[in-house]
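The following report describes a single protein chain and is meant to be read with the sequence and the model side by side.

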Amino acid sequence: MSRAEATKARILQAATEEFAAYGIAGARVDRIAKAASANKNLIYVYFCNKDGLFDAVFDAHVGRGLDMVPFTPDDLPDYAGRLFDFYQKHPEVLRLATWNRLERGTAVERDPAAAQPARDDKLASLEAARKDREGTPGLAPATLLTLVLAIASAWSPTNAASMPATPVLTSNLAECRSAIVEAVRRLL
């Protein structure tokens, strides 16, 4: 890895922690540069501005991160369980997604997650699975995907309705995961 790549990686790591903790508006480029042991000007060279840096962090963790959890339209309960596992290992993903929604709004044109080809692929897979099923058509793919994602993140600290209010204890993880899988199974 070149020196420039190593510096860029340190900046992205420091920015991930900063944005996850403070959001876009609350994040400070000075703190990111200090935490990354990098010159503040390099942030602007590599990412143009703070919004560009947030976009790079968002894409790396939310966009590519969620692609690490294989989507299984024929087994959505298992998918929800695996998402729960991923969220437990990477809490910054939900925090970054939450900050994105809070600060940039919900309009599709301002939501990088909504424009991602991966999301479109998931919706197309759900539509194909829906057409293959006999009987009632079920929920629209976008609705179903939204509900599965919401259920999978039920015990996230970013969910105001999450119980308990404190982080999930390791001893309860299996019970929480089981409840998520069962809830999605019943939804279907």
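How many helices and how many strands does the chain have? In this predicted model, the chain has ten helices and zero strands, so that reading along the sequence gives the pattern α-α-α-α-α-α-α-α-α-α.

| Element | Residues | Mean pLDDT |
|---|---|---|
| Helix H2 (highest) | residues 29-36 | 97 |
| Helix H7 (lowest) | residues 112-115 | 48 |

Of the 188 residues of the chain, 35% count as buried, and residues 24 or more positions apart account for 63% of the contacts with a separation of 6 or more.

Helix H1 (residues 3-26) packs against helix H3 (residues 40-47) at an angle of about 100°, with the two axes 11 Å apart; because angles of 65 to 115 degrees count as roughly perpendicular, H1 is roughly perpendicular to H3. On the H1 side the contact is made by Ala4, Thr7, Lys8, Ile11 and Leu12, and on the H3 side by Leu42, Ile43, Tyr46 and Phe47. The residues of this contact of H1 with H3 divide into seven nonpolar, one polar and one charged.

As for cysteines, the structure holds zero disulfides. Cys48 is exposed, with a relative accessible area of 61%, whereas Cys176, at 8% relative accessibility, counts as buried, because the cut-off for buried is under 20% and that for exposed is over 50%.

Notes
Residues are numbered from 1 along each chain as its sequence is written. This is a predicted model: local features need pLDDT of at least 70, side-chain atom pairs count only at pLDDT 80 or more; totals for chains, interfaces and linings use all residues. Side-chain values use heavy atoms; hydrogens and water are left out. pLDDT is the predictor's confidence in each residue, from 0 to 100. Helices (H or I, at least four residues) and strands (E, at least two) are DSSP runs, numbered from the N terminus. A disulfide is a pair of cysteine sulfur atoms within 2.5 Å. Buried means under 20% relative accessible area, exposed over 50%, partly exposed in between (1.4 Å probe, protein chains only). Axes are lines fitted to C-alpha atoms, for helices over the stretch in contact, and angles run from 0 to 180 degrees between N-to-C directions. Angles under 35 degrees count as roughly parallel, over 145 as roughly antiparallel, 65 to 115 as roughly perpendicular and the rest as oblique. Contact means heavy atoms within 4.5 Å. Ala, Val, Leu, Ile, Met, Phe, Trp, Tyr, Cys and Pro count as nonpolar, Asp, Glu, Lys and Arg as charged, and the others, Gly among them, as polar.
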